[in-house]
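Subject: Structure handover

Hello,

Here is the structure I promised to pass on. Please open it alongside this note, then read on for what turned up.

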Amino acid sequence: MVQVQLDQRTVTTLVAEATAAPSMHNAQPWRFRFLAAERLVLLRADPDRAMPRSDPGNRALHIGCGAALFNLRVAAVHASLVPRTRLLPDPRDPLLLASVQLADLSEAPQEKDLWRLHPAIRQRRTSRHPFSEKDVPESVRATLQAAAAREGATLLFPGAWHVETLLELVRDAESRDLVRAEGNEDLVRWTRLGSGVDTAVDGVPAYAFGPRRRDGKAPVRDFSGRGQVPDRGDADFERTPRLALLGTRSDGPRDWLMAGQALERVLLESTLAGLSTSLTSHPLEDRELRLLARDPGSGVGHVQMVLRLGYGPKGPATPRRPVPDVLSIG
């Protein structure tokens, strides 16, 4: 029989690995509470970190929290625990997104397939640098599609025509932001420049912007806007970006949490496969554009995230909130 002592140090480690997950503008919109008697971790949304302009329905917030939930599951398995997960366990409390009971191995079979993903939690980075024009092998694509399917989502690799449509939607979204005064409110709030870079515990710091795009079609959001970042430079990006669409059949809070878990599973698998990755939700932040991002062949499903995959430099680690800021024990 294997028994794991769930002391404060163990729970702190689990939550630290959970919070290594990506979230929109690195806002880290989550809170955790550990109930020792029940061996239960509660994951809650942090409404103070919502984005009313870019994410009015909190879809992206749920996706980010879902990604953190998946990391928590992986970390638990690595600690020889069995994470029994329930999504939206209390309909009366919409901010309570998930509960995870940390059972011993003697009580339930372990999700052993999650064990091997653990090293990728700390290795995963968002890269806003140019990737090579090298294609992603079909075998790797199949692995990533299977990863999404394990979490109840689908991963589509669009053809050339569909990719061009997505790139047009990105440009359309960028144009809409420029003509609407409120378009960049959330981006400005979560961008870290100047002296704020050294003390940041969240948001996107200047060192993670990557170079400005001189040429190419890669959909990489420019967090500097029209401002200048010293010594940033510019570069040619890929002319044929390798994109993937993560989608779900339905489109509610439970689906968004499932999409977040699927997203992180795909990102961790990508990391182990030697791929660099970045995400863009820009064409999904406007309802009209998001509908156009769907697979033009089937026209079904709801796109939850656009992924950019390829071979190139890994991005830098972005700041994370201290665990005591996001975890309460009691």
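Let me start with a strand pair. S10 and strand S12 (residues 302-310) run antiparallel to each other and are joined by seven bridges. Within that pairing, alanine 244 sits opposite leucine 307 of S12. Helix H8 (residues 253-272) packs on the sheet and touches S5, S10, S11 and S12. The direction of H8 makes about 10 degrees with that of S12. Bear in mind throughout that this is a predicted model.

The sheet

The sheet is open and has four strands, in the order S5-S10-S12-S11. Its pairing is antiparallel. Which strands form the edges? They are S5 and strand S11 (276-280), and each of them pairs on one side only. On average, neighbouring strands here are turned by 30 degrees against each other, direction ignored.

Helix H5

H5 lies across S5 and S10, and runs at about 80 degrees to S10. The helix covers residues 160-179, which makes 20 residues. From first C-alpha to last, H5 reaches 29 Å, close to the 28 Å expected at 1.5 Å a residue.

Which residues of H5 are buried? They are His162, Val163, Leu166, Leu167, Leu169, Val170, Ala173 and Asp177. Why do they fall on the same side of H5? They cover an arc of only 155 degrees around the axis, so they share one side of the helix. An α-helix has 3.6 residues a turn, so residues three or four places apart point the same way.

The cover over the buried residues of H5 includes strand S5 (154-156), strand S10 (242-248) and helix H9 (287-292). The face turned away from the buried side carries exposed residues: Ala160, Trp161, Leu178 and Val179.

Helix H2

H2 spans residues 59-78. It has 20 residues and reaches 29 Å between its first and last C-alpha, close to the expected 28 Å at 1.5 Å a residue. Is H2 enclosed or open to the outside? In H2, 19 of the 20 residues are buried, so the helix is largely enclosed by the rest of the structure.

Glycine 64 lies in this helix. Its relative accessibility is 3%, so glycine 64 counts as buried. Leaving aside residues up to four places away in sequence, glycine 64 touches Pro22, Ser23 and Trp30. The C-alpha atoms of glycine 64 and leucine 263 are separated by 9.1 Å, while the two residues are 199 residues apart along the chain. After H2 comes serine 80, whose phi is positive, near 65 degrees.

The aromatic pair

How many aromatic pairs does a search of the whole structure find? The search finds one. The rings belong to phenylalanine 209 and phenylalanine 223, with centres 6.1 Å apart. Their planes are at 20 degrees, so the pair is stacked; the cut-off for stacking is under 30 degrees.

Where do the two residues lie? Phenylalanine 209 is in the loop between strand S7 (204-205) and strand S8 (212-215). Phenylalanine 223 is in the loop between S8 and strand S9 (234-236). The pair therefore ties together parts that are 14 residues apart in sequence. Phenylalanine 209 is buried, with a relative accessible area of 1%. Phenylalanine 223 is buried too, at 6%.

Best wishes

Technical notes. Residues are numbered from 1 along each chain as its sequence is written. This is a predicted model: local features need pLDDT of at least 70, side-chain atom pairs count only at pLDDT 80 or more; totals for chains, interfaces and linings use all residues. Side-chain values use heavy atoms; hydrogens and water are left out. The expected span of a helix is 1.5 Å times one less than its number of residues. Buried means under 20% relative accessible area, exposed over 50%, partly exposed in between (1.4 Å probe, protein chains only). The arc is that of the directions from the helix axis to the C-beta atoms. Contact means heavy atoms within 4.5 Å. Two strands pair if DSSP finds at least two bridges between them. Axes are lines fitted to C-alpha atoms, for helices over the stretch in contact, and angles run from 0 to 180 degrees between N-to-C directions. Rings of Phe, Tyr and Trp (its six-membered ring) pair if their centres lie within 6.5 Å; planes under 30 degrees apart count as stacked, over 60 as edge-to-face and the rest as tilted.
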